[in-house]
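Reader: I've got a structure open and I'm a bit lost. Could you walk me through how to read its strands and its cavities?

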Amino acid sequence: MTDDYLSRIGNLIRDARKHRGWTQAQLADVLNTSQSAVNRIEKGHQNLTLEMLARIGEALDSEIVSLGGGPVHLRVAGGRQLSGSIDVKSSKNAGVALLCASLLNKGRTTLRKVARIEEVNRLLEVLNSIGVRTTWLNDAGDLEIVPPDRLDLAAMDAEAARRTRSIIMFLGPLLHREDTFQLPYAGGCDLGTRTVEPHMAALRPFGLDVKATGGEYHAVVNRAVAPGKPIVLTERGDTVTENALMAAARYDGVTVIRNASSNYMVQDLCFYLDLLGVKIDGIGTTTLTVHGKAEIDVDVDYAPSEDPIEAMSLLTAAIVTGSEITIRRAPIEFLEIELALLEEMGLDYSRSDEYLAENGRTRLVDLTTRPSRLHAPIDKIHPMPFPGLNIDNLPFFAVIAATATGQTLIHDWVYENRAIYLTDLNKLGGRVKLLDPHRVMVEGPTHFSGAEIMCPPALRPAVVTLIAMMAAKGTSVLRSVYVINRGYEDLATRLNSLGAQIETFRDI
């Protein structure tokens, strides 16, 4: 192996180790080698056999260093304007929540236009392994889910479960089906330490006790315990609210959940539970009153609403490339703050009249962007729980701010280290200064130029990097893009339909 390849492989191993949250000493212990040897490997100073690469890949549970088909990369020919129209696909976060919620129902659930993304694929692997029958009905993404009378949790595909954070949302449904059960630790994006304690606090009133040992959550349910007062969530988290909702759905009584998230995926879950016969008061507010049912056995058909984060991704691509495109079926209720801020920065766009999504509840519009000269906002940009600026949309403002005139302070207070990944824009010519793990100062305007970059291990910063490459002069390479495929279906192909030039490839 050349020194260049050894260095690149070393960087891949280091990133995969950090993604897992391990020290060099911990990896060395698993590989039965020394910490100094791991240090040499990560610096590219150690020759590697195929056997050692395979062992490292297995230890880190990482496609980055696996030997199979190899990781997928993107080659981007930048500097192209986009044109045309594109539909927003259904919500990734709603889709995974509904897959988990289908375990509440003994009957058949049919979900319409589910995004075929890696996060969904991993959940389907888990569901199939425990006896749930899932069937893709057509090319449109309609999915049928039929649970068995008895789940075979001992046969759970642990590898698939560890590659998704969504597995944590099995706790709410399973506590009604099992007295004791185990779940592998949740994986997913590398966004710092995200404690599961808020989930535990939300589910203890239903008798759930969880201990984390040996790489698994060990759950025991005390059927004598039931909510005796409103459940107050200490964190207004989306998945925490969803877990509490799913636990309350099959509790034979009334549960009040306070400080609940009212975000888009939570509303979709509420609409689905309503079809199951679970009455919920306060949808769209921070206080939910759930009238649960001990038994749910109905055949239901539900269409999750469109994804506001994908809509923001497409909007950002149009802004950064100075393009006029139409983004159809954008869920306006969950984009209004973002659009108001962009108007303040000088964005020229128009929107259609509102119409309803297929679920009959969510309000949609078509947005048409026009090339605009943006300036930095007066105040900092920071996220807030809905109806504030969406936490997942915040990273897109880093690359938007890079094209605007002036300095923009971006404060990502939610995650310990996601803001760090935004400094990858500097490799493309950006001027992004990291002030601390939560804040970056972005100075624009930027004339992006092509570069080769390892894909950040967090979904939204990864897409931000890809969008900057689309605006960059010359050719760029984004390596190991599995994380993008976790949250977006055929993103490169769909952007190409608007005039981008993005090629998918693997190393030989």
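Reader: Which residue stands opposite Val-72 in β23?

Author: Two strands pair if DSSP finds at least two bridges between them; strands are DSSP runs of E, at least two residues, numbered from the N terminus. Here Val-72 faces Arg-506 in β23. Strand β1 and strand β23 (residues 501-506) are antiparallel, with six bridges. This is a predicted model, where local features need pLDDT of at least 70, side-chain atom pairs count only at pLDDT 80 or more, and totals for chains, interfaces and linings use all residues. Residues are numbered from 1 along each chain as its sequence is written, and side-chain values use heavy atoms, leaving out hydrogens and water.

Reader: Which residue in β22 stands opposite Leu-74?

Author: That's Leu-478. β1 pairs with strand β22 (residues 475-479) in the antiparallel sense too, over four bridges.

Reader: How many residues of β1 are buried?

Author: Buried means under 20% relative accessible area with a 1.4 Å probe, protein chains only. In β1 (residues 72-77), five of the six residues are buried, so the strand is largely enclosed by the rest of the structure.

Reader: Where does the largest cavity lie?

Author: On a 1 Å grid over the protein atoms alone, a cavity is a set of points where a 1.4 Å probe fits but cannot get out; lining residues have an atom within 4 Å of a point. Here, domain 2 (72-89 + 306-506) and domain 3 (92-302) both contribute to the lining of the largest cavity, so it lies between them. Its lining includes Lys-89, Ile-117 and Tyr-488.

Definitions and conventions. Buried < 20%, exposed > 50% of the residue type's maximum accessible area, 1.4 Å probe, protein only. 1 Å grid on protein atoms, 1.4 Å probe; cavity = no way out; pocket = protein on both sides within 12 Å on 5 of 7 lines; lining within 4 Å. Domains from an automatic or database assignment.
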